[in-house]
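Open the model in your viewer and keep the sequence panel beside it. The stops below say what to select and what is found there.

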Amino acid sequence: RLYGWPRRELLGRSIHVLTSRTEQEYRRRGLDMAEEVRTNGYWSGEIVTRRRDGTVLHLLATVTSVVIGGERYYLTVRKDVTELRRLEAEVLRISQL
């Protein structure tokens, strides 16, 4: 829902469909994040991407590594801060009048 895609349209597709990036860019960025998770135990930052309809989507994200039953998984928590960024831009615009 966050990205504007129905679940049925995403089944079996690469996750880079959600990020509006090429698969190569997605893999490169994913490797950078994975390296930071290995080094620091987590990655945290803001991701700017697009929804299916092309509108900009600002996400605060944290990625951490967890081991369950001997298998390593990456857990990602994302929070939509698009409206907050829009309001910040509006406050900045008004303050410059």
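Start with the hairpin: S2 and S3 form it with two residues between them, and Gly-69 in the turn has a positive phi of about 60°. Helices (H or I, at least four residues) and strands (E, at least two) are DSSP runs numbered from the N terminus. This is a predicted model, in which local features need pLDDT of at least 70, side-chain atom pairs count only at pLDDT 80 or more, and totals for chains, interfaces and linings use all residues. Residues are numbered from 1 along each chain as its sequence is written, and side-chain values use heavy atoms, with hydrogens and water left out.

**The two strands**

Select residues 56–68 for S2 and residues 71–80 for S3; the strands run antiparallel and are joined by 10 bridges. Two strands count as paired if DSSP finds at least two bridges between them. Now pick Leu-59, which stands opposite Asp-80 in S3.

**His-58**

Stay in strand S2 and select His-58. Is His-58 buried or exposed? His-58 counts as buried because its relative accessibility is 18%; buried means under 20% relative accessible area, exposed over 50%, and partly exposed in between (1.4 Å probe, protein chains only). Show its contacts, that is, heavy atoms within 4.5 Å. Not counting residues up to four places away in sequence, His-58 touches Glu-46, Ile-47, Val-48, Lys-79, Asp-80, Val-81, Thr-82 and Arg-85.

**Salt bridges**

A salt bridge here is a side-chain nitrogen of Lys or Arg within 4 Å of a carboxyl oxygen of Asp or Glu. How many salt bridges does a search of the whole structure find? It finds seven.

Begin with Asp-80, whose side chain meets that of Arg-51 in a salt bridge (3.1 Å, N to O). Arg-51 lies in the loop between strand S1 (42–50) and S2, and Asp-80 in strand S3, so the pair ties together parts that are 29 residues apart in sequence. Arg-51 counts as partly exposed at 22% relative accessibility, and Asp-80 counts as partly exposed at 33%.

Next select helix H3 (residues 23–40), where Arg-38 and Glu-35 lie three residues apart, about one turn of the helix. Their side chains meet in a salt bridge (3.1 Å, N to O). Arg-38 counts as exposed at 55% relative accessibility, while Glu-35 counts as partly exposed at 42%.

Move to helix H4 (residues 82–95), which holds Arg-86 and Glu-83, three residues apart, about one turn of the helix. The side chains of Arg-86 and Glu-83 form a salt bridge (2.7 Å, N to O). Arg-86 is partly exposed, with a relative accessible area of 45%, and Glu-83 is partly exposed at 44%.

**Trp-5**

Select Trp-5 and Arg-52: the charged end of Arg-52 sits over the Trp-5 ring, 4.6 Å from its centre. The criterion is NZ of Lys or CZ of Arg within 6 Å of the ring centre and within 35 degrees of the ring normal.

**The whole chain**

Finally, zoom out to the whole protein, which has four helices and three strands. Along the sequence the pattern is α-α-α-β-β-β-α. Of the 97 residues, 22% count as buried. Residues 24 or more positions apart account for 33% of the contacts with a separation of 6 or more.
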